[in-house]
Amino acid sequence: MLNLAISEALGEEIRALVSRHPDRLSMETIKTQNKGYSAEISVVTYSHSRREIDNHSKFRILLSFGQHGRELITSELALRLLSILSEEQQIPNMGPLSLNNTLEKLVIKVVPMENLNGRKLVEAGDLCERRNGRGVDLNRNWSVDWGKKEKDYDPYEENPGTAPFSEPETQMMRKLSTSFDPHVWINVHSGMEALFMPYDHRNTTPDGLVSHVMKSLLEDLNDLHCQGRCLVGSGGGSVGYLAHGTATDYMYEVAKVPMTFTFEIYGDTDASSKDCFKMFNPTDIMTFNRVLNDWCGAFFTIFNTAKHRLDGINSKASDDKLGKWESIDEYLEGYLMERSSRYGKRTEVLELGLQEIRTYFRLFLLSSVLLMFMFCSRISKSKYTTIRPIVSAVSL
Ligand SMILES: [Zn+2]
């Protein structure tokens, strides 16, 4: 049987990898405690040039692994991804990294073991445990639709905690998402093969263009890296049960991360429900490597295309709005407000500038219209000798 590294060994491997690549990787460990229960989370940051880690103009991707203790394979995927990013390993059939141009424009934050305390319980022999060190499911502890219980609610599996964000692990992840403000969030799990998008607490996907773009990205990933086997769609609509208080729903609804996903990277549906190791983790080296390679490939497809796909929406939306004369004010206002909310503190400055920009824009439009009518009137004068076009132009 395949032995997966215990958390300490895995943590050590990650630390060593980071120290071998100080030009691209850095790592920080955050600790929090609540009523005598303490937890820590390590975050590895990949940036093509370390000096630019805080450059907020880069496209930002936040990936979390190991939110459920028993899903050991997910943290192995985090390590494999980091070794590919640092060019120590390669994805078969992908050739040497031809992605430097893409990676230069990205900052990727990886949380390899979100639920370290829960994982330690699994390593101590409780192979079916998915909750944290004090029995709370970290993927039910977020605020969107928190605490709602379905008929088949099982406290062993889904205890949401005493309140939203009652758990130190969830608090740290929320803080990380707020400070990093990612464009893409992926919560990596195992137990089945699936590519999920919001919502988990409803059986539908959100309306609108962004939702459409998320769906088409997932369909492409399914074709390219899952041989069409993966379930694709909303978490709530595809799994067969609704989940309340999940991280991905929070990232989408509250943190306003444009692209939010939950990936389920492996599952053995034939395994006995008592054999949790087998249900959630590959047990032979061939499958182990196949899973890691396939899903690293999926991540690189995202690194390569996510920004481009989102940019496509922005230009389409502005084309639509610019097509109408009367909506230019709305367009400018919407655009600037959207940007200002994304960059928090700059709101006031942008609001002050808004009036001026609108005035200049109106003057520019008015003068263009006047010039156009004056030009037309000169042409028409030769035929009809009338000055009406100028008069009507002024009344505009
Ligand atoms: Zn899970």
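Colleague: Which residue does the UniProt annotation "active site" cover?

Modeller: The model is predicted: local features need pLDDT of at least 70, side-chain atom pairs count only at pLDDT 80 or more, and totals for chains, interfaces and linings use all residues. Residues are numbered from 1 along each chain as its sequence is written. UniProt positions follow the numbering used here, feature names are shortened, and annotations may be inferred rather than shown by experiment. In the unreviewed entry, the annotation "active site" covers E264.

Colleague: Is E264 buried or exposed?

Modeller: A residue is buried if 20 or more other C-beta atoms, placed from the backbone, lie within 10 Å of its own, exposed if 12 or fewer, and partly exposed in between. E264 has 23 C-beta neighbours inside 10 Å, and therefore counts as buried.

Colleague: In which strand does E264 lie?

Modeller: Strands are DSSP runs (E, at least two residues), numbered from the N terminus. The run at residues 259-266 contains E264, and this is strand β8.

Colleague: Which strands stand at the edges of the sheet?

Modeller: Strands pair if DSSP finds at least two bridges between them. Eight strands form an open sheet with mixed pairing, in the order β1-β2-β4-β3-β5-β8-β6-β7. Two of them have a single partner strand each, so one side of each is left without a neighbour in the sheet: β1 (25-34) and β7 (231-234).

Note on methods:
Helix = DSSP H or I, 4+ residues; strand = E, 2+ residues; numbered from the N terminus.
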